[in-house]
Amino acid sequence: MIFLDLGYQPLANEYLKNTNSKEKKYRLLVDFNKKSKIVSIKKKFSSKKMFKNNYPYRSSMSKTMTQSFKTFAKDLKKKFKKKKILEIGCNDGVFLENFNKSFSLGIEPCSNIAQLSKKKGLNVIIKYWNQRTALKIRKKFGHFDLIYSANTITHIKNLNDVFKSINLVLSDTGTLIIQDPSMLELLKKNAYDQFYNEHIYVFSYVSLSKLLDKHKLYIYKIKNISEHGGSIRYFIKKKISKNVIDKSVKIQLQKEIKFGLKKFTTYKKFGFDVNKSKNKLKNILAKLKNLNKKVIGYGATAKAVTVLNYCNIGNDIIKFFYDTTPEKHNKFIPGVKIPVKKYRILNTKEVDYAFLGAWNFKKEIYQKEKKFLKSGGKFITHIPKPKILSY
Ligand code: TYD
């Protein structure tokens with residue numbers, strides 16, 4: 001059942017070389033499946049269409065994520081000692097670089113990004129995650145006791161194939177750890193921009209546990225983390241390997257049921273709130289435009305593509321975006337065609353207001369832009385509600 005219509009959207013990470021580059025748009029509808037409790041976007045693109053040899057997203061572009069992966073890797077090394085680790089969707093190696101090269105293997109389909117991992121000396125196979133890849137890996141490297149995947153599994157259309165493939169390489173007593181944005185946090189923060197073509201699914205404990213059950217897997221521990229606006233780390237095992245179930249699992253289940261994650265009405269209400277959020281953001285920006293304020297964007301994220309296209313915000317309102325990713329520089333944001341420039345520290349001589357495209361890194365950005373804030377510069381956010389933020 002559809003609960004959210006985000007209008008016509010381009011593919012989020014297809015930055016345009018110039019303003020008359022052709023691009024296709026599709027209707028971004030978001031669905032709640034009453035039976036499986038899975039939340040997904042209606043039009044699901046194949047990995048081949050989205051993850052190619054010119055992918056512009058690098059996981060290491062924020063200090064927050066680099067530090068988070070480093071800390072978690074340290075934790076895992078302590079707990080799992082010298083176990084072999086496989087990472088599905090290793091991107092530029094920001095997580096795997098913390099492990100001994102001879103015990104780790106990464107899978108990454110975007111060859112330009114995989115090359116960045118390889119330059120770090122990491123073992124990386126440039127392939128999509130599927131049963132064929134899993135069988136090849138098993139033949140060459142055997143089973144793995146530890147499999148990790150952050151912000152990747154929810155990007156793959158065929159979830160049954162994903163978990164069948166995992167079952168092929170995970171050892172019987174092994175641990176699978178999945179880390180993805182949390183549906184509960186998304187609803188609480190009204191973070192509708194977590195929906196775009198790459199985020200095919202947003203998991204909740206309720207939906208993921210049902211799906212895993214079909215694949216004879218179960219969640220034995222849960223950790224809520226602040227990354228990407230609120231994510232969950234799910235610790236998973238095969239059913240044949242009995243493990244004590246941590247109390248965090250029951251706590252998460254109760255929280256999700258209490259919030260109404262099993263009920264369509266909860267999602268429907270969210271749909272209404274998103275519409276209100278759109279009108280409010282548009283009003284704020286229109287007022288600033290009337291006052292001739294210099295407004296730019298901060299962080300040309302995929303999330304921002306959803307917001308800008310849904311709210312129809314163009315470069316008459318937001319002049320340009322600053323972003324730290326080289327692959328995005330001197331290009332244009334899909335759909336709304338706002339230019340993306342190489343990041344420069346904010347200065348009130350050039351900028352009055354900066355719209356937080358990367359609101360999930362607000363803390364890190366505030367730290368970097370202390371001077372801007374102290375001298376009267378302001379940010380605009382739409383999370384959890386559209387508002388102007390000042391020092
Ligand atoms: P992220 O939320 O990971 O993006 P997405 O919505 O695409 O998943 O944000 C990362 C983007 O934000 C990336 O393009 C780099 C940019 N960024 C900056 O430009 N400056 C910053 O200080 C931070 C933290 C991110």
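This is a predicted model: local features need pLDDT of at least 70, side-chain atom pairs count only at pLDDT 80 or more; totals for chains, interfaces and linings use all residues.
Salt bridges come first. The structure holds 13 of them. Side chains of opposite charge can pair when their charged atoms come close. Asp 5 belongs to strand β1, residues 2-9, and Arg 27 to strand β2, residues 26-32, so the bridge ties together parts 22 residues apart in sequence. Asp 5 is partly exposed, with a relative accessible area of 33%. Arg 27 is also partly exposed, at 36%.

Lys 79 forms a salt bridge with Asp 75, and their closest N and O atoms are 3.4 Å apart. Both residues sit in helix α2, which covers residues 63-80. They are 4 residues apart, about one turn of the helix. Lys 79 is exposed, with a relative accessible area of 56%. Exposed here means over 50%, so Lys 79 passes the cut-off. Asp 75 is partly exposed, at 33% relative accessibility.

Asp 316 forms a salt bridge with Lys 289, with 3.3 Å between the closest N and O atoms. Asp 316 lies in the loop between α10 (302-311) and β13 (321-323), and Lys 289 lies in helix α9, so this pair ties together parts that are 27 residues apart in sequence. Asp 316 is partly exposed, with a relative accessible area of 40%. Lys 289 is partly exposed as well, and its relative accessible area is 40%. Salt bridges also form a network, which links Glu 185, Lys 188 and Lys 189.

Other charged residues gather on the surface. A patch of positive charge there is made up of Lys 35, Lys 164, Lys 210, Lys 214 and Lys 262. Lys 262 is placed in the loop between α8 (247-259) and α9 (264-290). Its relative accessible area is 40%, and Lys 262 is therefore partly exposed.

The cysteines were examined next. A disulfide is a covalent bond between the sulfur atoms of two cysteines. With a cut-off of 2.5 Å between cysteine sulfur atoms, the count comes to 0 disulfides. Cys 110 is in no disulfide, and the nearest cysteine sulfur, that of Cys 90, is 10 Å away. Cys 110 counts as buried, at 1% relative accessibility. Cys 311 counts as buried too, at 0%.

The backbone shows several features of note. Most residues other than glycine have a negative phi, and most peptide bonds are trans. Ile 383 and Pro 384 are joined by a cis peptide bond, with omega about -5 degrees. Pro 384 is placed in the loop between β17 (378-381) and β18 (387-389).

Lys 37 is not a glycine, yet its phi is about 70 degrees. This residue is in the loop between β2 and β3 (39-41). Lys 37 has a relative accessible area of 15% and is buried. The cut-off for buried is under 20%, so Lys 37 falls on the buried side. Asn 190 is not a glycine either, and its positive phi is about 55 degrees. Asn 190 lies in the loop between α6 (183-189) and β9 (201-202). Asn 190 counts as buried, at 9% relative accessibility.

Helix α2 also holds Met 65. Met 65 is buried, with a relative accessible area of 2%. In sequence, Met 65 and Ile 318 are 253 residues apart. In space, the distance between these two residues is 27 Å, C-alpha to C-alpha.

Conventions
Residues are numbered from 1 along each chain as its sequence is written. Side-chain values use heavy atoms; hydrogens and water are left out. Patches are made of residues with over 30% relative accessible area and no salt bridge: like charges are joined within 9 Å, nonpolar side chains (Val, Leu, Ile, Met, Phe, Trp, Tyr) within 5 Å. Accessible areas come from the Shrake-Rupley method with a 1.4 Å probe; for residues, only the protein chains shown count as cover. A salt bridge is a side-chain nitrogen of Lys or Arg within 4 Å of a carboxyl oxygen of Asp or Glu. Lys and Arg count as positive and Asp and Glu as negative; His and the chain ends are not counted. The place of a charge is taken as NZ of Lys, CZ of Arg, CG of Asp or CD of Glu. Helices (H or I, at least four residues) and strands (E, at least two) are DSSP runs, numbered from the N terminus. Buried means under 20% relative accessible area, exposed over 50%, partly exposed in between (1.4 Å probe, protein chains only).
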